[in-house]
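The following exercises are meant to be worked through with the structure in view. Each task is followed by a solution in steps.

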Amino acid sequence: MNRKILVLMMSLVLLVSATACSNNNKKTSSTDSTKEQSSSSVENGQGDKKSNEPITIKMMANLYEAELKEPDIAFLNAIEEKTNTKIEIEIPPSSGYAEKLQLMLVSGEYPDVIMFQTQDSDSYKNALEGEVIIPLDEYLEKTPNLMKYTYDASWKALKSNTDGKIYGVPRTSVTRADGFWLRKDWLDKIGISIPENGEITIDEFTEIMRRFTTDDPDGNGINDTFGIGVFVDPEKVMYPVLTSQFGDLGWQKSSGEFDYIISQYNKNTEVYKKVLSYTRQLYIDGILNPDSAVSDIQATRENFWRGTTGSMWGFGGDYNQHMEELGKLNPDARIVYAFVENENGEVKGTGYGTGMWQFWSIAATCKYPDRVMEVMDYALSDEGYDMLYAGVEGTDYDVVNGKRVYRDDLKNATFRGLFLRRAGDANFFIKPHLPQEQKDIILPILEKSVASVVRSEDMGYVPQASKEPTYMDYMATMAQGRAKILLGELEVDAYDDLLEGWYKNGGQKYVEEMNEYILKQK
Amino acid sequence: MNIKLKNTKITKITTFEVINYSFMILVSIIMLYPFVNVFAVSLSSFSEYIKNPLMIIPKKIDLIAYKQILEHPTLWSSYKNTIIVSVIGTILALILYILTAYPLTKLHLKGRKLILLLVLFTMLFDGGLIPNYLLIRYLGLYDSLLALILPMVFSAFNLFIFINYIDGLPSSLEESAKIDGASYFQILVSIIVPLCKPIIATITLFQVVAYWNNFFLSVIYIKSVDKWPLMLFLREIIMGARMSEISAAGNVAEIAQNAPTEILQYATLMIVMLPIMLVYPFLQTYFVKGITLGAVKG
Amino acid sequence: MGSSVKFKKYFVSNYMLYLMLIPGVIYILVFRYIPMGGIIIAFKDFKFIKGILGSEWIGLENFKVLFGSRDFYKILWNSLWLSTLKLIFAFPAPIILALLLNEIRHNSFKRVTQTIMYLPHFISWVVLAGMIMNFLSPSNGVINTVIQSLGGQPIHFLIKPEYFRTIIVTAEIWKGIGWGTIIYLAAMTSIDQCLYEVASIEGANRFHKMCYITLPGISSTILILFVINLGYILNNGFEQIFLLYTPSTYEVADVFETYTYRIGLLSGRFSYATAIGLFKSVVGAILVLSSNRIARLFGKKAIW
């Protein structure tokens, strides 16, 4: 019975889609216009062979803003002129980018350049499998800038799901390990100062947060402050306050059962339990703002600006924004940045595995992959990168007496910020128009954040085992358990049982596959 | 009859009425709160919002957010698109509902149950994202406003409501018209439709609001920014601040730097929602008129 | 011969009704039934590149995994329980409100309250959820301030499983009650006013009229909405739950929508997500069809 209905439906599908197709040719203006578009790009391409007409490159990217503003347009114009191209960018709504990628693959019509979110994403794997995108190895030989200014880890990560070839150009993300912003005026009030090098021990940090909570640092006579606020991760589990300080540095060499292990899954050390119990204690003692358990990053920043919390884990480049927002409510507010040392007195933090945040792939239907690569290589050349970072003369700045004077009404350059970056360039995070004294505050912080990175060995690889239904089910249980431990509803030792359950529900395979992958890279 | 009611109403105020009126006022305050809060925040400066996110009176009035939104190039084109889609879609939908609902109230009609079953199943079963997308592409509707109109032009729910209302109408008028030799179509147009004003008003409201509120169709069927509807515009501004789900913590920090503030989000919400909020008071007339209609009928 | 004459007669008198049905039927065939073929994705290992027809058949594999999943029964239970609470509390709420609104005699007062009550429908869940979080915040939320001023300890409502369902149902009522009244108010307009007059003459009070005239007058609307709601019993809405749940409330908060989001979409298991959707639809269809039949046994008409 069921089968009959299915057969019936399917024949109906075929029938109507066939008639729809034939109708399609007769009228429907919109398909015609898309056809025109594609044929015009073909014409452009043919024209290129004869004369020196620019070729058209169509890109699809997730840029968080649907319309490019003047700085981006000026930048694109400059690049187009340099590389004799015409760049068209399709920017789907950022809240639906993943769907758009999937549908693009279904439709069979591809832009020349496609931005994928991660090397593990389903869309990317499908594109690889269907040979929608091409290997770039031969082109990379001719793009010295791309090779020079990209982390090795990113290339490795890009090879992790492929036949050993590289199918994308990483949008490098300068890897950092951030520290904490603290209220300087509150510190003054409770009589604690941060040493010149900005490093404090775990105990000092705890003491500061405790006094921020109890000593009425805002002087309003009400006990309404908290030491720190954190926010939740993509699984909605609260981020622990300190992690790397207890030795949690991602996937690292181990002498135990496995060659490589992450402390979270390590049955033989107490590292992860220390991480959990530290934050748990802060929560129970009322030092950690209880809102943290449900806050997103924006709410956490707002709590900091409101003066509810005295510190937050944060990005060094946020200095001006914090000062501006804090200043509006409290002109006396000052902030200072601090790194918390680990138990051995070192500053170390985990950088997210691959140094790559999204990447660009080239579709097999693209006529001029070499030219696309040229454009990208140019963007990281000295000349191109200067424009990428500082903008274009006449739009972002004017040259007065041989010096650049940045315009006051600078607009956000989303595309420039998200196109490509040079690996390890801390300076990238400092907006060029900032006054020198602010740059002097921010740069050392960022340099230290970049320098203190310890790279996790996983290269962002996600083992296949994680896609098993039992494993995925268990991850929800795990997240629930972790959240309950952090919020004091369960004892820290409950983690042992959780971990044991994890190994039983596919975790064993997960770790094995990860080890296999890491060893293959060595 | 109305006049009679008016004369008696002052004389008798029962305890029930006191309680009822007070209850209504209380409920109204609770219901008004989110709107007032959004409105107050949208007019205030960001620092005032941070100080007290639950404010109901705007403080340190700052129109910068409205200025920013009103100057946004996408706003006006998306306004235009949403109005086109809502108006055309609603008109088409009403025609479709009226034509479909009326025959389905005729119990003697052969095949009626089958069609009702077909309609019911559309409410429960859905092919999902991909087949719908492929259909829209095959029909050549991709990246056109029709792709926003057609998929929503018919809802089983609204149809059932319509059928239910027509069912409830007294059949005497229709029967006498039939004896006079009127065709079904004439009956539908000259008798049923005028009697259906309250339900037409209701369905108009449901349909307009459904079009106004929909963003998902535009996420998947629209490519050009100049064809975005308002709701997608709003969503991009509100969700732009909440992208934490998709990226690693370090990237979140970078995105958060440029996230639209609540002021901007709420101002957008006001601008996007105000016109549709004003639709109801206009349509309300038809709900009240229903009463006099009943009196005339009697 | 006789039957063909009968048929001819039937056709002549009714052809116009069929003509009216044509646009609607064509519409649902094209825009609903053709895409419905995509349900076969649930029985395939769907790959975007290969397309719907090109992907490999895997039979009932997805359903085996679903029914064998440790979390399936928890999620089924959570979904059912939450929907039941909504049917008990959120479903009658607009009916009661509409009845009370109907008793208001000042037309302008009635209009203003009605307009106000439907406003929350237009505030997105994201914004409402933000407000709810602020209200319930243990550090500076209004409710906890009240609790504290009464000498209690602040309660972190959002991370306690025991409060989750109350929060969701209350939020749904807040957002939907005013909007929900519209349909009942429209239905009330079709009640014959003579009935009220006759009742008044016979000495019935307001309460009697409400119970014996207004309520029966809208009962068919209530019934049809109830049946439709039963069809959506496994649907609880994604956004409100996703925004207000946390891992510490998973045990009560995880429903099909959030489960599908985590397992199906975040990890790209498209076929599996489709299979879950199909399961929900089948359950809904069974409930609608059987409740419709039950209604008919009692002599009431729900959908037909």
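This is a predicted model: local features need pLDDT of at least 70, side-chain atom pairs count only at pLDDT 80 or more; totals for chains, interfaces and linings use all residues.

**Exercise 1.** Describe the extent of the contact between chain C and chain A.

*Solution.* Step 1: count the residues on each side. Chain C contributes 40 residues, and these are in contact with 42 residues of chain A.
Step 1: consider the area. The two chains bury about 3600 Å² between them, with 65% of it on carbon and sulfur atoms.
Step 2: find the leading contributors. C:Phe48, C:Ile49 and C:Pro247 supply 19% of the area that chain C buries against chain A, more than any other three residues.

**Exercise 2.** Determine which polar and charged interactions link chain C and chain A, and which parts of chain C take part in the contact.

*Solution.* Step 1: count the salt bridges. There are 2 salt bridges between chain C and chain A.
Step 1: count the polar contacts. Between the two chains, 15 residue pairs are in polar contact, both residues being at pLDDT 80 or more.
Step 2: locate the elements. On the side of chain C that touches chain A, two or more residues come from each of helix 1 (2–36), helix 12 (239–244), helix 13 (250–253) and helix 14 (256–265) of chain C.
Step 3: sort the residues by type. That side of chain C divides into 22 nonpolar, 10 polar and 8 charged residues.

**Exercise 3.** Classify the aromatic pair of A:Trp186 and A:Phe212, and state which parts of chain A the pair ties together.

*Solution.* Step 1: examine the geometry. The ring centres are 5.2 Å apart and the planes stand at 90°, and the pair is edge-to-face; the class requires planes over 60 degrees apart.
Step 1: place the residues. A:Trp186 lies in helix 9 (residues 184–190) of chain A and A:Phe212 in helix 10 (residues 202–214) of chain A, so the pair ties together parts 26 residues apart in sequence.

**Exercise 4.** Carry out the analysis for B:Tyr79 and B:Trp212.

*Solution.* Step 1: the ring centres are 6.4 Å apart and the planes are at 75°, so this pair is edge-to-face.
Step 1: B:Tyr79 belongs to helix 5 (residues 73–104) of chain B and B:Trp212 to helix 12 (residues 197–213) of chain B, so the pair ties together parts 133 residues apart in sequence.
Step 2: B:Tyr79 and B:Trp212 are both buried.

How values were computed
Residues are numbered from 1 along each chain as its sequence is written. Chains are lettered from A and ligands numbered from 1 in the order in which they are written. Side-chain values use heavy atoms; hydrogens and water are left out. Contact means heavy atoms within 4.5 Å. Buried area is the accessible area (1.4 Å probe) that two parts lose on being put together, summed over both. A salt bridge is a side-chain nitrogen of Lys or Arg within 4 Å of a carboxyl oxygen of Asp or Glu. A polar contact is a pair of N or O atoms within 3.5 Å; within protein, one must be able to donate a hydrogen and the other to accept it, and residues adjacent in sequence count only if both atoms are side-chain atoms. Helices (H or I, at least four residues) and strands (E, at least two) are DSSP runs, numbered from the N terminus. Ala, Val, Leu, Ile, Met, Phe, Trp, Tyr, Cys and Pro count as nonpolar, Asp, Glu, Lys and Arg as charged, and the others, Gly among them, as polar. Rings of Phe, Tyr and Trp (its six-membered ring) pair if their centres lie within 6.5 Å; planes under 30 degrees apart count as stacked, over 60 as edge-to-face and the rest as tilted. Buried means under 20% relative accessible area, exposed over 50%, partly exposed in between (1.4 Å probe, protein chains only).
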